[in-house]
Amino acid sequence: MTRSRSLLDWRLRFAVLSLIWGFSFLLIKVGTEGYAPFQVTLGRLLFGTAVLAVVMAMRRDRLPRGARTWGHLTVAALLLNALPFSLFAYAELTIPSTLAGICNATSPLWGMALSLVALSEDRPTRMRLAGLGVGFLGVLTVLGAWQGFTGMDARGTGMALLASLCYPVGWIYVRRTLAGSDSSHLSLTGAQLLLATLQLAVVTPLFTTAPDAFPLLPLLAVAALGALGTGVAVLLQYGLVAEVGPTTAQMVTYFIPVIATAAGVTLLGESLTWSTPVGAAIVLAGAALTQLRPRERAPIPVGLDSPVRAPANTGAGGGRP
C-alpha cells in the first residue's frame, strides 16, 4: 500500500512538472505582450529566486562558499538561466509559443552532439547517431524545409534553437566544474538563480526603459513563470531525481512540447499545420534514441551523473523552458 501511494505520488509530481514547464512558453508569450523580453526574464528570475530563498531559509540551508565555486556558478547562471531565458523571451516576439516549445525539445539532440566530443563517458553508438539524424530531420520538418522555410521567422526560430543549445552547454560545464561540490543542490541552484538575477538586473536597464504602466495579466504571467516555472519546478525536479533517478525524471522533456502546443493552440489561438505535430513527434523520437545507453558500461565515477544536472532545468526549459 505504501509503495503504491509512493508511486502515485511521484507520478503526480511528474505530471505537475510537465504541466508547469509546458505552460511556460504560453506564459512567456503573455508576459512579452506587456513587458520587454529582458524585463520578463528579470521578473521571472526575481520570483524564482524568491521561492528558493524561502525554501532555503526554511531548511536552514546556506549559500555555497568559495570564490571558485561562485565563479563557476556565475558562468552556469549565464548559460542555464540568463541567456536562454532571454533568448526564448525575444524569440516569442515573432514566433508562436508552440514553435518555441518544440525548439526547446531539441536540447537533448544538441546535448548528444556536444557529448560526442566534450564528455568522454558518452561514446557514440549507431543507435544514438541515428537518433541525432532523426531528430534534426524532425526539426527540418517542423520548419518546412521542403518549402524553403516559407513563412518562418528565421531570427526568432534561430534564437529559440540557440536557447535550447545553451542548456547542454551549461550542463556540460556544470558537470565538469561543480559535480564534486560539497554544497547541497538546493544551495547551488539558489546561488545560481541569484547570480542570474543580478546579471539581468545589470543588463535590463541598459536595453529597456521602465514601463509606464504595469498590465495585470502579463504581470501575473511573469509571476507565475518565475514562482512556478523557475522556483517550484526546480524543487519538484530535485524530488523526482532523488526518488526515481535522473533518467526517469528527464523524461519530462518529451511531454513539454506536447503541452506547449496544446496550450498555444487552445488558449492563444495559434495556428497549427500538419508539419508541426509530425515534426515534433520525429524530434522526440530522435531525442529518445539519443538517450539510449549500451547495457554493458564501465561504472560512472561518483558525482558525474549526480542530480547536479538538475539546476540546468530551472525554466522555459530545461533543456527546459
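This is a predicted model: local features need pLDDT of at least 70, side-chain atom pairs count only at pLDDT 80 or more; totals for chains, interfaces and linings use all residues.

**A tour by selection**

Begin by selecting L19, F23, L267 and L268, which together make a nonpolar surface patch of about 340 Å². A patch of this kind is made of residues with over 30% relative accessible area and no salt bridge, with nonpolar side chains (Val, Leu, Ile, Met, Phe, Trp, Tyr) joined within 5 Å and like charges within 9 Å. Areas come from the Shrake-Rupley method with a 1.4 Å probe, and for residues only the protein chains shown count as cover.

Residues are numbered from 1 along each chain as its sequence is written, and side-chain values use heavy atoms, with hydrogens and water left out.

Now colour by secondary structure: the protein has twelve helices and zero strands, where helices (H or I, at least four residues) and strands (E, at least two) are DSSP runs numbered from the N terminus. Switching to a surface view, the accessible surface comes to about 14,700 Å², of which 68% belongs to carbon and sulfur atoms, and of the 321 residues 52% count as buried.

Next select S18, in helix α1 (residues 2-32), which is buried with a relative accessible area of 3%. The side chain of S18 reaches the backbone oxygen of F14 at 2.9 Å, a polar contact being a pair of N or O atoms within 3.5 Å, of which, within protein, one must be able to donate a hydrogen and the other to accept it, with residues adjacent in sequence counting only if both atoms are side-chain atoms. Leaving aside neighbours within four places in sequence, S18 is in contact (heavy atoms within 4.5 Å) with V252, F255 and I259.

Stay in helix α1 and select D9 and R13, which lie four residues apart, about one turn of the helix. Which residues does R13 join by salt bridges? D9 forms one with R13, the closest N and O atoms being 3.0 Å apart, and R13 forms another with E243 at 2.3 Å between the closest N and O atoms; the term requires a side-chain nitrogen of Lys or Arg within 4 Å of a carboxyl oxygen of Asp or Glu. R13 lies in helix α1 and E243 in helix α9, so this pair ties together parts that are 230 residues apart in sequence. Through shared partners, D9, R13 and E243 form one network. R13 is buried at 18%, whereas E243 is partly exposed at 36%.

Then go to T208, in the loop between α8 (185-207) and α9 (216-244), a residue that is buried with a relative accessible area of 16%. A polar atom of the T208 side chain lies 2.7 Å from the backbone oxygen of T204, and, apart from neighbours within four places in sequence, T208 is in contact with A36, F38 and Q39.

Finally, select C103, buried at 4% relative accessibility, and C166, buried at 6%. The count of disulfides (pairs of cysteine sulfur atoms within 2.5 Å) comes to zero.

Methods: Buried means under 20% relative accessible area, exposed over 50%, partly exposed in between (1.4 Å probe, protein chains only).
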